[in-house]
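Please read them with the structure open.

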Amino acid sequence: MAESVKEVDLHVHTTASDGSMSPAEVVTHAKEKGLRAIAITDHDTVEGVEEGMRAGRESRLEVIPGVELSVDFSKGTMHLLGYYIDPHCAELVEKLMVVQRGRAERNIKMVKRLQDLGVDIDLSEVRGLAGHGQIGRPHFARIIVQKGYARSIQDAFDRFLHKGGPAYVEKFRFPPEEAMRFIAKAGGLAALAHPFTLNKLQEGELEDLVVELKKEGLEGIEVYYPDHTEEQRRLYRYLAQKYKLFIAGGSDFHGLNREGVELGEGLRDMEFPYRLVEELKRRRKALFRGKNL
Ligand SMILES: [Zn+2]
Ligand SMILES: [Zn+2]
């Protein structure tokens with residue numbers, strides 16, 4: 001059998017969200033790995049895109065401007081990838097700011113809840129732990145454990161932080177249809193990321209969901225992803241073909257912040273051919289025909 005093809009990676013995080021490498025470092029790394037193209041898809045921000053594209057031009061690596069949005073989905077976790085978004089689109093920038101503001105308010109509320117529960121904690125401590133990255137519940141958990149209010153991270157989640165728990169505050173998220181609308185407004189193509197995190201969908205429910213999302217503007221689905229089993233991959237590929245969605249694939253690279261994941265690599269036999277990018281470009285042309293690209 002031919003060696004698996006590793007030419008692109010369409011799902012990459014940088015220090016603009018929760019990756020450990022700056023956009024320029026990611027580009028250098030991708031170049032070293034022999035890749036031809038990557039998409040920078042940070043969580044709810046496009047702040048790493050420009051630096052990444054500049055570095056890409058300098059080192060002749062194709063960098064696709066992207067984003068990964070967490071959207072509202074009650075049954076599990078739904079992330080949408082946006083490819084070829086214009087990072088300067090005013091509406092996109094404004095919507096992302098709403099998300100960031102929501103995140104900041106959530107952190108303040110969670111600190112307040114914990115204080116009310118008798119936990120000695122303040123926001124600067126949480127911020128200190130998160131460094132330049134985005135603050136999340138694991139940071140709160142670590143402080144709770146350090147200060148002896150819980151025995152372990154799991155215990156901190158069980159006592160305080162689990163969904164619905166006494167210190168838990170819901171995150172602000174846009175509904176998927178709205179997120180897809182502003183991705184399109186920014187010239188981007190929306191794809192459903194790692195469908196396995198949608199969770200506990202009964203037989204046929206994923207297909208119904210894909211049909212719904214497609215009506216609202218979904219263009220692609222992430223088929224190649226390190227956590228997908230062969231069976232899942234087959235199902236997602238089938239859905240892509242049936243509903244004429246482009247196939248995306250990436251490692252969800254986070255640098256040192258996610259162990260065991262390398263750029264352009266997932267499971268042993270996972271393929272990341274440049275063909276994925278060609279198809280994406282064809283689609284973009286067809287979709288935005290007549291507009292200046
Ligand atoms: Zn994700
Ligand atoms: Zn991701």
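1. I start with strand β4, residues 78–83. Six of its six residues are buried, so the strand is largely enclosed by the rest of the structure. Met78, Leu80 and Gly82 point one way from β4, while His79, Leu81 and Tyr83 point the other way, and all are buried. In a regular strand the side chains alternate between the two faces of the sheet. Keep in mind throughout that this is a predicted model.

2. Which strands flank β4? On one side, β3 and β4 run antiparallel and are joined by six bridges. These two strands form a hairpin with six residues between them. Within this pair, Glu68 has Leu81 of β4 as its bridge partner.

3. The whole sheet is open and has seven strands, in the order β1-β2-β3-β4-β5-β6-β7, with mixed pairing. The edges are β1 (8–12) and β7 (246–249); each has a single partner strand, so one side of each is left without a neighbour in the sheet. From one strand to the next the twist averages 30°. Strands of a sheet pair through backbone hydrogen bonds, either parallel or antiparallel.

4. Strand β2 (residues 37–40) runs parallel to β3, with four bridges between them, and Ala37 stands opposite Glu62 of β3. β5 and β6 pair in the parallel sense over three bridges, with Leu192 opposite Ile221 in β6. β6 and β7 are parallel as well, joined by four bridges, and here Tyr224 faces Gly249 of β7.

5. Strand β6 (residues 218–224) deserves a separate remark. Seven of its seven residues are buried, so β6 is largely enclosed by the rest of the structure.

6. The largest nonpolar core has 62 residues, and those with the most contacts inside it are Ile38, Leu80, Ala191 and Ile221. Strand β3 (residues 62–71) gives the most to this core, with five residues. A second, separate core has 15 residues, among them Val126, Phe140, Ala141 and Phe160. In soluble globular proteins, nonpolar side chains tend to be buried together.

7. What does Ile38 touch? Leaving aside residues up to four places away in sequence, Ile38 is in contact with Val8, Asp9, Val12, Ala30, Leu61 and Val63. One of these, Ala30, lies in helix α1 (residues 23–32). Ala30 has 27 other C-beta atoms within 10 Å and is therefore buried. With the same exclusion of residues up to four places away, the contacts of Ala30 are Asp9, Leu35, Ile38, Leu61 and Leu263. By contrast, Ala30 and Glu219 are 26 Å apart in space, C-alpha to C-alpha, and 189 residues apart in sequence.

8. Most residues other than glycine have a negative phi, and most peptide bonds are trans. Lys244 is not a glycine, but has a positive phi of about 55°; Asp252, also not a glycine, has a positive phi of about 60°. Lys244 is found in the loop between α9 (230–242) and β7, and Asp252 lies in the loop between β7 and α10 (275–287).

9. Are these two residues buried or exposed? Lys244 has 10 other C-beta atoms within 10 Å and is exposed. Asp252 counts as buried, with 22 C-beta neighbours inside 10 Å.

10. Last, the domains. The domain assignment of the protein chain gives domain 1 (8–89 + 186–287) and domain 2 (99–161). Their centres, taken over C-alpha atoms, are separated by 29 Å. Five residues from domain 1 and five residues from domain 2 make up the contact. What classes of residue does domain 1 bring to its side? The side of domain 1 that touches domain 2 has no nonpolar, three polar and two charged residues.

Definitions and conventions:
Residues numbered from 1 in each chain as written. Chains lettered and ligands numbered in written order. Predicted model: local features only at pLDDT ≥ 70, side-chain atom pairs only at ≥ 80, totals over all residues. Domains from an automatic or database assignment. Contact = placed C-beta atoms within 7 Å. Nonpolar A, V, L, I, M, F, W, Y, C, P; charged D, E, K, R; others polar. Core = buried A, V, L, I, M, F, W, Y, C linked by C-beta atoms within 7 Å. Buried ≥ 20, exposed ≤ 12 C-beta atoms within 10 Å, placed from the backbone. Pairing = 2+ DSSP bridges. Axes fitted to C-alpha atoms, helices over the stretch in contact; angles between N-to-C directions.
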